[in-house]
Amino acid sequence: MTSSFQSPRAARPPGFIYRDTKHGLLRRDGPPVLHCENVPIPKLVKKYGTPLYLYSAGMIHERYAVFDRAFRDIDHTICYSVKANSNLGILRLLARKGCGFDVVSGGELQRVLAADKKAAKRVVFSGVGKTREELTAALKSEIMLFNVESESELWALAECAGRLHTTAPVALRVNPDVAAETHPYISTGLHKHKFGVPIRDARELYHKLSSARYLKVRGVSVHIGSQITDAAPFGQAMSRVADLVGELREDGHSIAYVDAGGGLGISYEKPASNFSEEVTAYARALTGPLRDLGVRLLLEPGRSIVGPAGVLVTSVVYKKANNGKRFLVVDAAMNDLIRPALYGAHHEIVPILQRTDAGIKPETVDIVGPICETGDFFARDRQMSGVEEGDLLAILDAGAYGMALASNYNTRPRAAELLVAGTSAKVIRRREKISDLLRDEL
Ligand SMILES: *Cc1c(COP(=O)(O)O)cnc(C)c1O
């Protein structure tokens with residue numbers, strides 16, 4: 001689908017747009033060139049190679065600001081979900097805006113502290129399998145809130161807090177048994193899922209926890225899944241949580257926080273949607289049930305902040321045809337971006353040079369990587385126009401769950417990452433070398 005890209009200037013949000021360029025490599029009368037902010041992408045490729053992750057700092061700022069604005073009528077803290085993209089450069093950028101963080105491991109907590117020591121007081125710690133070491137490290141850092149997911153974890157946390165003679169601020173992550181339309185691997189809010197405690201058991205568990213000396217009840221948390229594009233299930237979950245907050249207060253607990261989790265989806269297939277309208281609808285769904293409760297709302301968006309702010313740039317190594325089926329073999333692979341292989345996810349893919357010469361016919365191609373798995377593809381039966389060997393392509397909306405899930409499968413060094421702001425491009429992760437991969441093996 002080249003749909004959203006027919007018109008050079010109109011279709012994309014500001015981070016990535018086609019412009020005519022007078023810069024260096026390209027002829028003045030050449031085709032429009034995809035830019036990341038004000039930098040022509042071929043210029044970056046010349047210096048840093050491919051595959052290459054590019055992020056637009058302006059877009060991350062803008063999306064964070066849109067989120068913040070949508071919730072202006074309620075006390076809130078945005079705790080960016082680190083797992084979506086955990087690069088220190090991106091964490092630092094958000095920390096500077098006063099953003100908090102949702103972490104799911106001791107490693108992610110260390111990243112946040114490395115990005116900004118003072119951010120600990122805006123950290124929530126989620127996850128079903130937190131170890132005692134991780135709990136202890138988080139207690140020492142004095143994070144804002146532990147989202148506890150089982151009774152066993154409660155007692156482990158109490159034990160760790162007791163050893164440090166401190167008190168752990170606790171919310172139980174409740175499972176509201178709400179179905180949300182998304183991929184089964186990233187749906188989390190049904191009773192059959194491993195996450196949280198069943199909402200009907202929560203009251204009893206809060207009662208137990210309130211008598212534990214080293215634990216302090218602070219809130220209730222919920223997270224129903226990821227890539228959810230309909231606001232209704234968020235509202236449903238929140239009204240169940242609001243009812244629970246009422247009951248817990250009747251039981252004498254003090255509930256200061258409601259953590260709504262993350263999960264707001266982005267449109268991978270459509271031409272750029274109106275983010276501001278979507279977040280406003282989402283905010284309305286969440287805040288409706290919480291009106292008059294006087295809680296601070298915690299939000300854990302990941303994908304919706306960084307997803308559209310990143311692209312993966314790759315070059316076409318070969319074109320080939322097998323029995324009439326055509327392939328573009330590119331130098332990025334499932335180890336760089338696993339979403340298509342793992343979830344069957346769709347990503348728009350566009351050429352960096354937008355050739356519009358008369359006589360160029362669209363071809364139907366599979367865009368595949370070099371890895372020895374049939375699952376190693378980025379697109380199937382996609383219409384592409386005028387793409388030749390050696391050309392550059394951008395795989396769009398790759399800012400979330402892209403590099404964060406990258407691996408070294410097939411002994412492929414991970415890509416470099418650049419953060420672009422205006423005309424400046426900073427390396428925020430160097431390209432790995434094969435020697436980096438071999439270093440720790442004995
Ligand atoms: C993954 C996750 C998030 C972020 O989800 P997005 O879909 O990226 O917004 C937030 N909270 C928790 C507990 C998560 O596991």
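Biologist: What should I keep in mind about the model?

Modeller: It is predicted, so local features need pLDDT of at least 70 and side-chain atom pairs count only at pLDDT 80 or more, while totals for chains, interfaces and linings use all residues. Residues are numbered from 1 along each chain as its sequence is written, and side-chain values use heavy atoms, without hydrogens and water.

Biologist: How many residues surround the ligand, and which are the closest?

Modeller: A residue is near a molecule if one of its heavy atoms lies within 4 Å of it. Here 15 residues surround the ligand, with K83, S226, E300, R303 and Y401 the closest.

Biologist: Which polar side-chain atom lies 3.2 Å from a nitrogen atom of the ligand?

Modeller: A polar contact is a pair of N or O atoms within 3.5 Å. That atom belongs to D102. Ligand oxygen atoms also take part: one is 2.5 Å from a side-chain N or O atom of Y401, and one is 3.0 Å from a polar backbone atom of G302. The protein covers 94% of the 390 Å² of accessible area that the ligand has on its own (Shrake-Rupley method, 1.4 Å probe).

Biologist: Where does the largest pocket lie?

Modeller: On a 1 Å grid over the protein atoms alone, a pocket is an open set of points with protein on both sides within 12 Å along at least five of seven lines, and lining residues have an atom within 4 Å of a point. Domain 1 (16-49 + 309-438) and domain 2 (58-306) both contribute lining residues, so the largest pocket lies between them; the bounds come from an automatic or database domain assignment. Its volume, the space filled by probe spheres set on the points, is about 640 Å³. Among its 34 lining residues, K83, V104, F195, H223 and Y401 are closest to the centre.

Definitions and conventions. A polar contact is a pair of N or O atoms within 3.5 Å; within protein, one must be able to donate a hydrogen and the other to accept it, and residues adjacent in sequence count only if both atoms are side-chain atoms. On a 1 Å grid over the protein atoms alone, a cavity is a set of points where a 1.4 Å probe fits but cannot get out, and a pocket is an open set with protein on both sides within 12 Å along at least five of seven lines; lining residues have an atom within 4 Å of a point.
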